[in-house]
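This report concerns helix packing and aromatic contacts. Please consult the sequence and the structure shown here.

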Amino acid sequence: MQQDHFDVVIVGAGIVGLATAWQLRRRHPSLRLAVIEKEMQPASHQSGHNSGVLHSGIYYTPGSLRARLCIDGAREMTSFAQAHGVPIRRCGKLIVAVDAHEFPALAELERRATANGVEGVQEIGPGHMREIEPSVCGMRALHVPGTAAIDFREAAAALARDVEETGVQILTGRRVTAIREGPREVVTGTTGGEVVSQSLIACAGLHSDRVAAMSGHRNQVRILPVRGDYYTLSARAASGVRALVYPVPDPAYPFLGVHFTRTIHDDVHAGPNAVLALAREGYRRRDFSPRDVREMLAFPGFYRMAGANALTGITEGWRDVSRRAFAASLRRYIPDIADEDLSFGPSGVRAQALDIRGRFLDDFDFAGSGRVLHVRNAPSPAATASLAIGTHLVAEAERRFDCMQSR
């Protein structure tokens, strides 16, 4: 059986795994590094199926890892994109309150922006709002000028080229089947043979709980796949959206709500909704994985979450299948949108960690022991924060892994 030997192996060639490899190579140029990826191309899942928004850090609880790493990561990703020819456009966005009952939540976002050090955020009224986005209606808004549009698939491709040029091996088409941690090494079984390393960092995204379980890190958290479907606006409707328009999010949920995004490629997408996917890689409504559904139904936290969020789930599900209902939700912000302005666009599946009590994990979650370190929860803004997450993981690895402490 084929065996490859490395100092550090990273599982997952999404943007977080690639960013971690990139930061490892910068700090430890002599390490033998490899990235294992089950698909034939990097960034095949969450990293290549998102809205393409470089977030500012306004949403996240002050002091949390999400807040700190988002802000640091946005700055680093901007510099990386500019240095590597990845298109990026700082366009700003509006977070719009259409009803007075949203004012307290809008004020809380402004407070978080100040606490997190997000620059330039300003509350504005209808007049100023129409100067920025003439088609948008609302009572108040926050203008967040630092938000940008980017193609994270292109950013991941640039990271992959960079690390391969410095000798990092990206082993594609090799699904991880087992992880055995011994006193001196970690043996990772894959569909292409065993990979032996002194240490391992798992950035497995939609399969992070399964990979963690392979190395004995069983915990009371399960990945719940949440699909988000986007509509693409017609040319007529798209002409009324200059940049990014977001609703005031419901603080009870880890999702930002249906919004408008003018992408770096100049399309305008509306969405996503948030519906339970019946497959972890289920980008279509008809996709179904018996294993994924079986594991979901066997987890006690699923029933507690479903019971507490039944009405929201029904609302999101109806909007997912009804273009008319979806268009109606968009008209709260841009009244001129017609049902026929919407055509089915891209979709993505988010890896949302759920604990046994039925609660969504809100923050990034990293854990490990011995020679293995796991990224157990990396929801949005993980793509924005990826380079900062990489720095954080490298620092953890330097503290934990003896192969790095001597170099």
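Which residues of helix H11 (residues 323–330) are buried? They are Ala 325, Phe 326, Ala 327, Ser 329 and Leu 330, where buried means under 20% relative accessible area, exposed over 50% and partly exposed in between (1.4 Å probe, protein chains only). The model is predicted: local features need pLDDT of at least 70, side-chain atom pairs count only at pLDDT 80 or more, and totals for chains, interfaces and linings use all residues. Residues are numbered from 1 along each chain as its sequence is written, and side-chain values use heavy atoms, without hydrogens and water.

Helices (H or I, at least four residues) and strands (E, at least two) are DSSP runs, numbered from the N terminus. The buried residues of H11 pack against S13, strand S15 (259–262), strand S16 (268–271), helix H10 (310–321) and strand S18 (342–355); contact means heavy atoms within 4.5 Å.

In helix H8 (residues 290–297), the buried residues are Asp 292, Val 293 and Met 296. Viewed down the axis of H8, these fall within an arc of 95 degrees, so they line one face of the helix; the arc is that of the directions from the helix axis to the C-beta atoms.

Six aromatic pairs are present. Rings of Phe, Tyr and Trp (its six-membered ring) pair if their centres lie within 6.5 Å; planes under 30 degrees apart count as stacked, over 60 as edge-to-face and the rest as tilted. Two of the pairs are tabulated.

| Pair | Centres | Planes | Class |
|---|---|---|---|
| Phe 302 and Tyr 303 | 5.4 Å | 80 degrees | edge-to-face |
| Phe 364 and Phe 366 | 6.3 Å | 35 degrees | tilted |

Ring pairs also link Phe 326 with Tyr 231 and Phe 344 into a cluster.
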